[in-house]
Amino acid sequence: WLENVQDWGISRNRYWGTPLNIWECDSCKKQIAIGSRQELKELSGKEEALTVELHRPYIDEITCNCPECGGVMHRVPEVVDCWFDSGAMPFAQHHYPFENKEIFEQQFPAAFISEAVDQTRGWFYSLMAESTILFHKSPYENVIVLGLVLDGNGQKMSKSKGNAVDPFEALKKHGADAIRWYFYSNSAPWLPNRFHDKAVQEGQRKFLGTLWNTYAFYVLYANIDDFDPSQYEQMYDALLQKVKAGEEDALPVMDRWLLSRMNTMIRDTDSNLAAYKIPETARSLESFVDDMSNWYVRRCRDRFWASGMETDKICAYMTLYHALKNLCLCAAPMIPFMTEEIYQNIVRRVEKDALESIHLCLFPSADEGLINGELEQKMGEALSIVVMGRAARNDANIKNRQPIARMLVKAEEVLPKYYADIVTDELNVKAIEFTDDVRAFTDYTFKPQLRTVGPKYGKLLGGIKKYLGNVDGSLAMDQLNENGVLRFEVGSDTVELTREDLLIETKQTEGFVTQQSGQITVVLDTNLTPELLEEGFVRELVSKIQTMRKEAGFEVQDHIDVCESKNEKIRSILEKFEDQLKKEVLADTVAYGDAPEDAFVKEWTVNGERVTLAVRKRGR
């Protein structure tokens, strides 16, 4: 019967199905299950039995002689559902057990299979049924079930509805990597997925675009400096060994942080893929790319701009190189084309022993010696404070170029000076103060969410409203943050409300803006003194002049003359901060009045003040 599976079962015809391998005598009704072409030839006496097409009507033309009565035997008319063929796939493809025994046993059972949810009663079941009958075991260790693909409105795609997407058009428009990434990162595989352009483009922008821009940044400056990482591999590896031995000063903090994040990413990606956690893998990769681009590169730009090839600049290059390389090795199974492009350009060009393709490389292993949980935690807290500080600035409608006197932070831990300085630098704040109590700057009011509280505590609703109306908002928020639930008594009944049960409003003290998330609260002092406003003007002017340098086509190293006209207020500020301005825009002189004829002139509005600025390259 097993050999028959190879001969009859693997030949598929969805219309006719698989003919049963049973012949029945017309006279005595004896039935025989024929197990191979050879057996069919012997019973029929016909040479063509060795080559006949194993589907109707051709197989039905072969008749046999009945061994009991000598009568004529015909094949029974029944056919087997073609899913029988699919269920036979693991062994039938190898003609097991008649040949390829070792190959079959190496591959069986499969590590995983993957198909859509509609295969639950088809392929998944037929595989399991046939394997259980024959081998008393499952033919697969894991099943990745795929949900249905819906249109942007959540409707099942259908040609009759006209909402079906041509996959080849989608591939042409977005690229294979972007579409693959959308399905990996959007949700668990077994859930339905709404497929529409905006959803794909968002993933393309957040992950693929950010990765490509970081790669482009590295290539741009590596080409300028003719940087070859293979020349510094020994030196860099020696520094890494020192870091692992406890000499933290061997590498800058930002390098140690990115290397720690990189190895954490490798470890998490490896374990998630091993457990078939696809969206979790995507989030790990996406988070690392965001940190690498929007934090490491952002904070280290001046290291790449430095003249010469000092050790600090080499370390920045090497750290970013290793981060890009290992990120691509981890992401290659999910975005095969972009990672191959990056690998070919920055790895194969410099590493003599690099394999021909990234898809021939081994998956990287995490170096636990470079993972520093405390460093990641502190930098993560600094990042969270910066994100909330930016949100608070937006709430107050204060641009980042405008200096702020101070900020207060309530957090689980007080950040060491290095990390606190990063926060103040990113947020343009003069001073940061960590405190255990920010109640003087914010308060909270609570109301019940009737949609959820009503069904749970209908008869107690009046008492709940009364309690929440009189509760100390700060104490209640502390309890909610600490326990995840607000617990109190209404009469003799205990009430427990989660965030989903509460409508929370924040009241803020005038002159202060608050942002809160989890255990961290950030308070910005938005009171701006005349001195702070003047500094804000200077930063805006520096930005405008730098923009003019670029528009005028000046090189980064070109020295310039600056001229201001038509605004007395800005003139007085420039005169006061002239030395600072000259240093930041590489100006040799700052003049006031009409601009020289050969200068590049532009009119601006700076913090509500209209002013005309002019720049001219020195030496003209």
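This is a predicted model: local features need pLDDT of at least 70, side-chain atom pairs count only at pLDDT 80 or more; totals for chains, interfaces and linings use all residues.
**Stop 1: the largest pocket**

Start by selecting Arg 301, Asp 302, Trp 305, Gln 546 and Glu 584, which lie nearest the centre of the largest pocket. The volume here is about 1800 Å³, and 39 residues form the lining.

Now colour the elements that give two or more residues to this lining: helices H9 (197–224), H12 (278–305), H16 (417–427), H20 (530–551) and H22 (578–585), together with strand S12 (429–434).

**Stop 2**

Move on to Leu 146, Ile 179, Arg 180, Phe 183 and Tyr 184, the residues closest to the centre of the second largest pocket. This pocket holds about 760 Å³ of space and is lined by 23 residues.

Which elements supply at least two residues each? Select strand S8 (143–146), helix H7 (167–174) and helix H8 (176–186) to find them. Helix H8 makes the largest contribution, with 4 residues.

Finish by colouring this lining by class too. What does the lining of the second largest pocket have by class? Here you will see 19 nonpolar residues, 3 polar ones and 1 charged.

Definitions and conventions
Residues are numbered from 1 along each chain as its sequence is written. Side-chain values use heavy atoms; hydrogens and water are left out. On a 1 Å grid over the protein atoms alone, a cavity is a set of points where a 1.4 Å probe fits but cannot get out, and a pocket is an open set with protein on both sides within 12 Å along at least five of seven lines; lining residues have an atom within 4 Å of a point. Grid points are joined across faces, edges and corners, and a volume is the space filled by probe spheres set on the points. Ala, Val, Leu, Ile, Met, Phe, Trp, Tyr, Cys and Pro count as nonpolar, Asp, Glu, Lys and Arg as charged, and the others, Gly among them, as polar.
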